[in-house]
Every structure is written in structure tokens, then in C-alpha cells.
Amino acid sequence: MSMNNHSNKDIIEPRLHLVAWEITRRCNLFCAHCRSSSENEPYENELTTEECYRLIDQIAEVAKPILILTGGEPLVRPDVLQIARYGVSKGLRVVMGTNGTLITRKLATELKKVPVSRLAVSIDFPIPERQDEFRGKAGAYQEALDGIANARSAGIEVQINSTVTKLNVHYLADLLDLSIEIGAVAFHPFMLVPTGRGKGLEDQELSPQQYEETLNWIYDKQMELGDRMFFKPTDAPHYMRIVKQRESEAPRNQTSNSESTYQPMQTITRGCLAGTSYCFISHRGGVQGCGYLDIEAGNVREQSFGEIWVNAPLFRDLRDLSKLKGKCGVCVYKRVCGGCRARAYAATGDYLEAEPYCVYEPPLWTKANKARQKGD
């Protein structure tokens, strides 16, 4: 039975591939861009170990997604290895988002035993003083690099996450070089969504034009490096539109060398994944479309995860492309892009509004605007 009367081409069928779970909000650092405004103090009402196990059971009943244990800093939670082990025992691939500073050799060995298949370590500046300042702790840069080295020697894959702002956009090439140098398998530039403590960086957010240039640079680098490094721009759904545009412009003979046969489209399924293949769970069990879209679809203490994932009105909205407003609603790329719903919500208070950081003007939108101007 269809969810509503709209044609099925407007409905994205949900397939749960990724769950990011903030298993604690506590953190040993105090980063300038922090979505959750985390501090180094206990947070009340965090899910207990038993509640965590129950939640993993419920996730595994829906699908077998990649489970990203994140925070805060997940490694400050005393039972983090037990939770990770339980996730693996239920057939989930468990990875972890961390600032890297707590990964000793001993802990890296423990993480490998679980096994945690990948660590995503956040580095925003390739310069120690700048990274330390941004992360709110002297020595944080070196501690993160040591943590990465310990993880790599224990045989754990590492990816580098960088939050991109005006403060560090000119260091992107250096961050990429650093990622290659330390043996990372992936580089994920996160385009700042100013929520939580990140709100204080709002004036450092790239302009829509700079976003466009940065995403085109990422595309060029991906083509140049091919399989040697996988890029995944995050909180930048319009990268998918750029990929489509660039692929259609590419000359037919471009595939003559092996590197340019690399297709970013094959490894990234869609721009905005919120509520379609991805969701976020907070330290108190709130389920959201993503960590930046600060609206709860439900809470696992009140409903099962499966009920929320399948039936929450928020998720049904996010899966129904006919509900998108403004230029996103008439855009030919809405199925592959969808616009950043968190940025739309932060800018307008309506998560179905047009993505405010996209420069693309859909032909239908331009036409409608011209018609409106004529009528004025």
C-alpha cells in the first residue's frame, strides 16, 4: 500500500544502511564546531548498558546497517567495548567516530578484537597549533596522530573527517595530503551545519559560491586519485548534482586512463540520507533524521526503533519528495540530492524548505520566477 496518493516516483523507499549513535554526550575536548556542545562532565539519563543492548536488538530486526558509535567522545564511556561487541554479535558492522586522542596501543588492540572495523578521526587543521586551538586542548593534534598510528598498527582502517569552514578551506589540499600520508582509506569533508556550539561559527560558514568551488575541487581530486582515496562530502547533498553535471560534461574519451574511470556515484547513493538510509540516535534515545536536524522522530524509550523508523511522520515527510518546497521541489536533481534538510531547518524553521546553500537554479524555477515577475 502506498503511503499517500502521490505517484511512487516521489517516494524514496527506506533502506537502512547507516545508524549514527551518540552513545554519550560527554567528551574530553571542547571543539569550536561541536554539534552537541559537549563538555567533559557526566550527562544525565544516558541510555544504560541494558537499554543499549535492547536498542541494538531492535536495529538488527529492521536491517543490518553499519553502526557508527559516536559522541561526544565514545571512548569516554566505560562500557563502549561491550556495546560494540554486542553490535558485532548481532551481525552489524561497527565503526567509531572519535577525536583519536584516547587511543593508546592497548586500547587499539582491544578495538581490533571487537572488531571495530573503522575509526573516523576528526582533524580540521594540518597545523598543530591551529588544531589544538580549534579542539580546545594543547597537544590534541599530536595525540590524534598518535592515536591514528596506534589504530593503524593494530590493523584498523582509519578515515579522516574534517569540518570545512572559511577558517580551513585553504588547507583542504594539505589535509588530503596528511590523510594519504597517515594511510587513511577515506577523507570525509563535512560542510559545517551551524548547530550546537557550531552556531558560533556561523559567520565562518562558506558562501554558497565557495561550497560550489570546494565540491568541484573534491570531484577533481576524486577523479585524479581514483581508488587510492575515497571522498565523501558530508552535509553537502548538492555534491551529487555536481557529480551528475560533471559526468555529463566529461568528454567521451576521458575513460582512456584507469584513474578517470572512478565513479563517485557508485559509492555514494544519495545526497541527503536523513530518514531514507540513515538516522541518528541521541545519548538519551531520541531518533533524528541526522545529528544536525534537531527534531525528534521519536524516542526508543517510548517506542521501538522499528516503529519509529517505519512510521514516524518526520521520516515519512523526508521520504516524500513531493513535499519539498521552493526550488528543491521542482529540481531535476531532487532524487539524487534532496538538499540539506538540516540547513533548511536551521535557516527557515521548516525542514522541507529549499536548501539555502545551493547556487543551482532549476530551469522550472527560473521559468516560474520569470512568469511571476511578468505578472507583477
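**Around helix H5**

The buried residues of helix H5 are covered by a set of elements that includes helix H3 (105–113), strand E4 (118–122), helix H4 (128–135), strand E5 (157–164) and helix H6 (172–181). Keep in mind as you look around that this is a predicted model.

**More on H5**

- The residues of H5 that are buried are Ala 140, Tyr 141, Ala 144, Leu 145, Gly 147, Ile 148, Asn 150 and Ala 151.
- H5 takes in residues 140–153, and at 1.5 Å a residue its 14 residues should span 20 Å. The C-alpha atoms at its ends are 20 Å apart, which agrees.
- After H5 comes Gly 155, which has a positive phi, near 90°.

- In soluble globular proteins, nonpolar side chains tend to be buried together.
- Here, the largest nonpolar core is made up of 105 residues, and Trp 21, Phe 305 and Phe 315 have the most contacts inside it. Helix H7 (residues 208–225) supplies the largest share of this core, with six residues.
- What does Phe 305 touch, leaving aside residues up to four places away in sequence? Its partners are Leu 16, Val 19, Leu 55, Gln 58, Ile 59, Val 62, Cys 279, Ile 281, Val 287 and Val 300.
- There is also a second, separate core of five residues, among them Phe 125, Phe 134, Leu 192 and Leu 201.

**Cysteines**

- How many disulfides does a search of the whole structure find? The count is zero.
- Cys 52 is in no disulfide, and the nearest cysteine sulfur, that of Cys 279, lies 15 Å away. Cys 52 is also buried, because its relative accessible area of 1% falls under the 20% cut-off.
- Cys 340 is likewise in no disulfide. Its nearest cysteine sulfur belongs to Cys 290 and is 6.3 Å away, whereas a disulfide needs the two sulfur atoms within 2.5 Å.
- With a relative accessible area of 6%, Cys 340 is buried too.

**The second largest pocket**

- This pocket has a volume of about 280 Å³.
- Its lining consists of 19 residues, and those nearest its centre are Arg 25, Arg 35, Gln 288, Gly 291 and Asp 294.
- Which helix gives the most to the lining of the second largest pocket? That is helix H13 (residues 341–348), with three residues.

Notes. Residues are numbered from 1 along each chain as its sequence is written. This is a predicted model: local features need pLDDT of at least 70, side-chain atom pairs count only at pLDDT 80 or more; totals for chains, interfaces and linings use all residues. Side-chain values use heavy atoms; hydrogens and water are left out. A nonpolar core is a set of buried Ala, Val, Leu, Ile, Met, Phe, Trp, Tyr and Cys residues joined through side-chain atoms within 4.5 Å. Buried means under 20% relative accessible area, exposed over 50%, partly exposed in between (1.4 Å probe, protein chains only). Helices (H or I, at least four residues) and strands (E, at least two) are DSSP runs, numbered from the N terminus. Contact means heavy atoms within 4.5 Å. The expected span of a helix is 1.5 Å times one less than its number of residues. On a 1 Å grid over the protein atoms alone, a cavity is a set of points where a 1.4 Å probe fits but cannot get out, and a pocket is an open set with protein on both sides within 12 Å along at least five of seven lines; lining residues have an atom within 4 Å of a point. Grid points are joined across faces, edges and corners, and a volume is the space filled by probe spheres set on the points.
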